[in-house]
Amino acid sequence: MKKAAALLLALVMCMSILLPVSALAETDVQKAIAEAAKMSWDELLAKAKEEIGDNQLVIWSNTSRVKEDSFTAKTGINILTDNPDDSKIYERLEQEVGNNVYGADLYLLQDCFMLTNFAISSGWLLNYVPDEYKPVILESDQDPLVAIYLNRVFIYNDGGDKEAKKFKNVWQFTEPEFKGTEFKNPMLEKSSLNFLVSLTSEKWQARLAEAYKSYYGKDWVSTGEFQNISYEWIYKFLMNCTFVSKDSTIASDVAGGAPGSAGLFVFSKLRSVDATNLTVCANDGIEGFAGLMYPIYAQIAANAKYPYAACLYVNYLLSGEGYYNIFGKEMGTYSVNSSTTELSENAKKFNDQPLSFWQDCLVFEDPAHVQNVYFEATDLISQWCASK
Amino acid sequence: MNKSDAKKPSRFSNALYAVRSYFSVQANVLIVVFAILLIVLTVYPLYSVFRSAFTVGKMEAMRYNTLMHTKLSDGDLTLLNFRMLLTDEFKFWRPLWNSLRMSAYASLIAILLGGTFAFLITRTDIRYKKFFSSVFIFPYIMPSWTLALVWKNVFANSHVGTGIVGMLESLTGVCVPGWAVYGIFPCSLVMGIHYAPFAYILIGGTLRNMDANLEEAATILQASRGRILRKITVPIVMPALFSTVLLVFSSTMASYAVPVFVGSPGNFFVLSTQLSQLYNTMATRGQSYVMTIVLILFGVMLLGINTWFTGKRKSFTTVTGKSGQVSYIKLGRANTLIAIILVIVLFLIAIFPIISFALESMVEVQGNYSTLTLKYWLSREDVGGFAVNAGHGILFNGMIWSAMWGSIKLSLIVSLIVGTCGILIGYAVARKRGTKLAGLVSGLAFFPYLVPSMAFGAIFLAVSSRLTFLRGTLLLLVIVGSIKYLPFASRSGTNSMMQLSGEIEEAAVIVGASWPKRMLRVLFPIQKSSFISGYLLPFISCMRELSLFVLLTTDGMLITKLLSYFDEKAVSQMSNGINLLIVIIVLLVNFTINKLTGASIDKGVGGN
Amino acid sequence: MPKITLTNVTKQWGKFIGVNDLNLEIEDGAFVTLLGSSGCGKTTTLRMIAGLETPTKGEIRFDDRIMFSSEKNINIPPAKREVGFLFQNYALWPHMTVTQNIAFGLETLKWKKADISARVAEMLKTMRIEQFAERYPAELSGGQQQRVAIARTLAPKPRVLFMDEPLSNLDAKLRGEMRTELKRLHKDTGSTFVYVTHDQLEAMTLSSRICMMNEGVLQQYAPPLEVYNRPANLFVADFVGNPSMNIVDARAVKTGPRTAEIEFLGRRAAFQANEDFELPSDKVSLGIRPEFLPISQDGDMEGMAYSTLPAGMETTVKIKVGDTILSSVVFGAIDYETDAKIRFGISGSGILIFDQETGGRLASGRVVFQ
């Protein structure tokens, strides 16, 4: 008996050693975040440098743009990055923060649903908004903090005729006559999926109904087959479109394709193809909507080793300087900092518009709505995708 | 009398002796060591797969609770994953059927193409053998999707998709129908062509080693050529044929890039694409593991058929140490014709993609050849333009070269480990032929092949979060790569060892050559070429692997990661250039080894 | 040179018994042939002695040194047994030249460089293959490969030389030549030769003793002429000799310690044995070598010429008596017309009586017609 008791004791002791000290570490990171929020750039920079020394700030990011090195140039802090695509970043998050193994300090990730329900609810990620920027960021973009917005828009080949106005209405994409619009498989790309889910909100139902009436000349009437008009559009669009795996493929397919061919792809791809014959539907004033807008969120790991440096990076991202250096040189990226609306030369060249312009014509990822209908909607969509 | 009784060993020492004498045979040591090693290294992944299939994760619980009003929580046991998937026609049964068809066609195409080619090279007096032989393996060296891309570039036409005018249409005006551009046809064909070198290497190896007398004996019996082929040649290469089918079928079942490239646009969906969709969504990940189990079961079934077949039929020893004369079938007037056809086919599947890489890396605007520039190779300024951090031109790009070195280092280490293990496994399995342990080892060695790369990487990510000293290290990548590519080497090792008659080794045993000496001086040199292909295949695969390592690495560690970065950023000049670079490096390695050892991946048996 | 002793050696694979309780003594300097049809256990026996196969039970000794003992847990590896092994398929290493093939074993034995080249040269000369020294096996004919294999095996001067059907891959003429040379080699080297073959002629002509095996069991172990003249049983009698021995069913009744009355092929005759013998039953088989059936006008028996096979030096005549066909060998070339009547006799004291049930030899003697 004594032996057993001793063994048990030993076991308990071992366990207590092995048990993560996360409780303690968490408070440290939280404390750091709370403090950092109040600091000025210079204070935070000093604190971060003191904390990190010659070590690397580790950023796992859905977007590879963080490879850009102006942050290091400005602060002297080295960064190590990796950009696991789509949901793979959550895999790492679970294995790392979930097991209290240090992996990264800062995560830049997409998919509001996973972020909220998988990561934040598990306490793996912490939100950080510097006080300095609170006034210039929309409340809805603050928790979780959106680092940047990116858009995918309907673009078609006008065959050189800039006045073609081929697509005047979003319902055209569901018509057999315009079959083959290229689209990134939503089951492989969460921003595409969340776009479809967001589309089922009342706001977009109404917009679709309006467009329907304008295109078909009659009111939309439910046939009972679909829950609402959005689902009908989604179904018909999915059946009518062609799944292509990469944005760059869609871009080159449309650019090199026959006049009239269209695709829904990342706006910024315009610069990597011969865009002479490409027209962005939004500029033609398409009815319904012209594409989608999705956010990349910035979150600090609950077990971050260098929370101050991570916060510093977020500050940099939100600053006009950081935005321009990391994202803004390109088009199709939009800062949540409302004081940063100036378009870069390149953006102007491709006729990009500020966030406010897109606000009205693109389907934004809608966390509240997505949260409500996520599984019902995604199940239907995945079924439809598979049955193509 | 009593004395000898007293000397009689006890039971214990008898047992000890039995163990000792069992392990005094190297093949026994090897088979036991590998059995244990493989059990350890494959059982955990297998366990993970099964656990994930039978339990619900956090997001899955949420999904089931919402949709099916269950009250599951994270980690609960469930059969729902099975129920949901196996009752789903569109996510499971139809793609399964598509996968099976695609894999069967691809195997058939690979065997027909590779087998015919192997026959032409080893059995006839076809012209330019050396050239054909080394070029034929290009399609395997290049990532499979590059062929898919070529396919699209050639056959796309104004009646298909967005109406891009492909080469065929622009040159001849001929438009092939849609099914020939996208769907099962191009998928199977591209996979078949991609894996044809496999068939060539495996079948060619056997044919080359096969005593021509075997065929000549039949010629004397006045059997027709067709009959000889059917009754003599084919049965003798049967084991190689089966190995080919096994590898090609499983590889095709698991292949992802090609079906996505030329399948999905034609609404042709296969198991692997569905698997990756389910896998990519945490809420349906369990179902992807159910699918993995199905893939594993298919692999096990194939493996079973293979073992049953090779076990039941006599295994053919083709190198006996008694050398026969090789006589080539004279092609006569057909020689030139066949050579011309081969040149055309090889140009399309092997040379053309390389040229297109080179061209695409040298144009400013994709597809517009009037904008030729060497900037992406030679520039000492950032070539990414305003958007991307691309760094200097490829030749002066530190990022690219350090990642390339990372890839080469990893591939070298992996191929050394895997190749050596493959030979040892082959030796052990061949010597212990027919025993249960040998069956176990060759089966287990094949198992990693059946787990999709993505899932395999994820499983080892989990391992590394428990064994934290492995995290982010080269060692972890080496371990994962070694396990994943063992099947190649173990197959080729087993095949070539099986061909060596026991006498060849015994002749060295008798004169007292130690085991290492027998391996190094006798067995290895005889089967040098096939063993070296056991080293080269993992090297090639490792060089162009991404999905296996993607979760375990950080930016800049591997060239494929950089490749996908440029790809994503649509700096096609850089991605094409890197692709070209990978192909050139692999070819260089192949060429160097060829010059140094006289063996190369495309040769069955060298030695002279 | 050692004496090789096998005691109760058994080899089993699962339920299949390859060699059953074999006892054998191979004298120093002997040329012993293991003879039998394929699958009889002869190769297994050879491989066990060489150490390439581990017996299930029993003991193998070279002189007093135990090479293998299942009881004492001893198993000396083949290399330490100082034996040579000539394989059926030669097992030449295709990636080495003739010289390298021969030198390999010597290098392993750590011979000095000079000694190696001297020995290789010597072997090349002995086997008359000097001109092929730098060729690869694939560039040699079968006979040349065989010579290389022999040279390679003999080079380290093995105490015992094992040969596993070494001539079976050669054509008849070459085989004849090689036989002569092997016998010569045996004399020259003075080594013990253990030779496996299924060819009884090879066994007869080469060996000092034949070890006849069937289904894993030793049938007879004796000098060739004894095996020929006094085969231990019907199996041996039938296996050895070409054309093979005439075996005729007969009834026998003892009439004295060395005499019996026998009835066969519808004839009665007296059997006068060379020694005392017993008859366990009256059903026996009469074994008559073809050369003991001389054809002559005053022969006691009559039959029909079923077929005649002249071979130049001698002629085999197949004689049909009732339903039985007998073989007779006569010197010179004779041709009988088919179905012609032939008279022949039974001569000599080498006529054998076997027990029909056990197959064992009961007696040898002469047949006398009254």
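**Where chain B meets chain C**

In this predicted model, 25 residues of chain B are in contact with 28 residues of chain C. Three helices of chain B each supply at least two residues of the side that touches chain C: α2 (11-23), α24 (502-510) and α25 (515-526). The largest share of that side, six residues, comes from α24(B). By class, the side of chain B that touches chain C has eleven nonpolar residues, nine polar and five charged.

Now look at α24(B) itself. Eight of its nine residues are buried, so the helix is largely enclosed by the rest of the structure. Those buried residues include three glutamates, B:Glu503, B:Glu505 and B:Glu506. What do the buried residues of α24(B) pack against? Within chain B, they pack against α25. From chain C, the partners are α1 (42-50) and β7 (83-86). Just after α24(B) comes B:Gly512, with a positive phi of about 85 degrees.

Next, the other chain pairs. Two pairs of chains touch, and the most contacts are between chains A and B. No contact joins chain A and chain C. The closest C-alpha atoms of chains A and C lie 44 Å apart.

Residues 12-26 of chain A are a stretch where pLDDT stays under 50. For this stretch, the model has five contacts beyond four places in sequence.

Conventions:
Residues are numbered from 1 along each chain as its sequence is written. Chains are lettered from A and ligands numbered from 1 in the order in which they are written. This is a predicted model: local features need pLDDT of at least 70, side-chain atom pairs count only at pLDDT 80 or more; totals for chains, interfaces and linings use all residues. Two residues are in contact if their C-beta atoms, placed from the backbone, lie within 7 Å. Helices (H or I, at least four residues) and strands (E, at least two) are DSSP runs, numbered from the N terminus. Ala, Val, Leu, Ile, Met, Phe, Trp, Tyr, Cys and Pro count as nonpolar, Asp, Glu, Lys and Arg as charged, and the others, Gly among them, as polar. pLDDT is the predictor's confidence in each residue, from 0 to 100. A residue is buried if 20 or more other C-beta atoms lie within 10 Å of its own, exposed if 12 or fewer, and partly exposed in between; C-beta atoms are placed from the backbone.
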